[in-house]
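I opened my notebook today to look up a few charged pairs. Here is the model I worked from.

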Amino acid sequence: SMIRTFLRVEKDFTALVARVNSFIKENLPSGTFFAGIFGYFDLSKDAFYYVNCGVPAMMLYSPAFDTFIDVQGEGRILGFAKDVSSLLKPRRLALPAGSILVCATDGTLDSENIRGERFGAERLRRSVHGRLALSSEDIAAGVVDDLMSFTDGRQEDDVTVFTMKFEQR
């Protein structure tokens with residue numbers, strides 16, 4: 001709700017992220033932080049503009065190369081520094097038809113099985129790749145299913161998986 005309130009008055013994308021950081025630093029308990037992605041889609045230009053604020057897995061599936069391209073960006077977790085304006089580096093990501101944007105939190109990547117193996121980015125890629133023909137919703141649900149299978153249902157951290165498919169116009 002805080003971000004929605006700021007959106008009513010702040011129209012500059014980078015300034016919005018800096019303002020959220022200031023709010024967290026000045027108004028919330030010490031140690032409170034935000035790890036996520038601020039972004040917006042410009043569908044008229046087939047582009048996604050974003051600032052990555054600490055999400056460890058952000059990748060784009062390219063159908064032309066049948067591979068995933070890491071598109072992390074240089075973001076910082078919000079809430080630790082008083083002023084992050086100089087650290088914010090908005091990026092533009094082209095979205096060709098057939099591509100799939102995939103983002104996942106550290107709770108997804110760092111989850112371990114009983115042998116101490118991490119789920120990791122490579123398993124995330126394989127899980128998504130095996131579901132390319134499905135809807136975004138089904139891809140994300142399938143990744144979570146694979147993760148829960150991998151960890152025998154144990155979850156020690158938050159798990160967030162975001163997927164978005166870009167179809168031809």
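I began with Arg125, which counts as buried at 18% relative accessibility (buried means under 20% relative accessible area, exposed over 50%, partly exposed in between, with a 1.4 Å probe and protein chains only). A note for myself: this is a predicted model, where local features need pLDDT of at least 70, side-chain atom pairs count only at pLDDT 80 or more, and totals for chains, interfaces and linings use all residues. Residues are numbered from 1 along each chain as its sequence is written, and side-chain values use heavy atoms, with hydrogens and water left out.

Next I looked up the partner of Arg125: its side chain meets that of Asp70 in a salt bridge, 3.3 Å from N to O (a side-chain nitrogen of Lys or Arg within 4 Å of a carboxyl oxygen of Asp or Glu). Asp70 lies in strand β4 and Arg125 in helix α4 (residues 120-129), so the pair ties together parts 55 residues apart in sequence; helices (H or I, at least four residues) and strands (E, at least two) are DSSP runs, numbered from the N terminus. Asp70 is partly exposed, at 45%.

I then searched the whole structure and found seven salt bridges. Arg118 pairs with Asp110, the closest N and O atoms being 2.7 Å apart; Arg118 is partly exposed at 42%, and Asp110 is partly exposed at 39%.

My last pair was Glu156 and Arg154, at 3.7 Å, N to O. Glu156 is exposed at 75%, while Arg154 is partly exposed at 35%. I also noted that salt bridges with shared partners join Asp70, Glu122 and Arg125 into one network.
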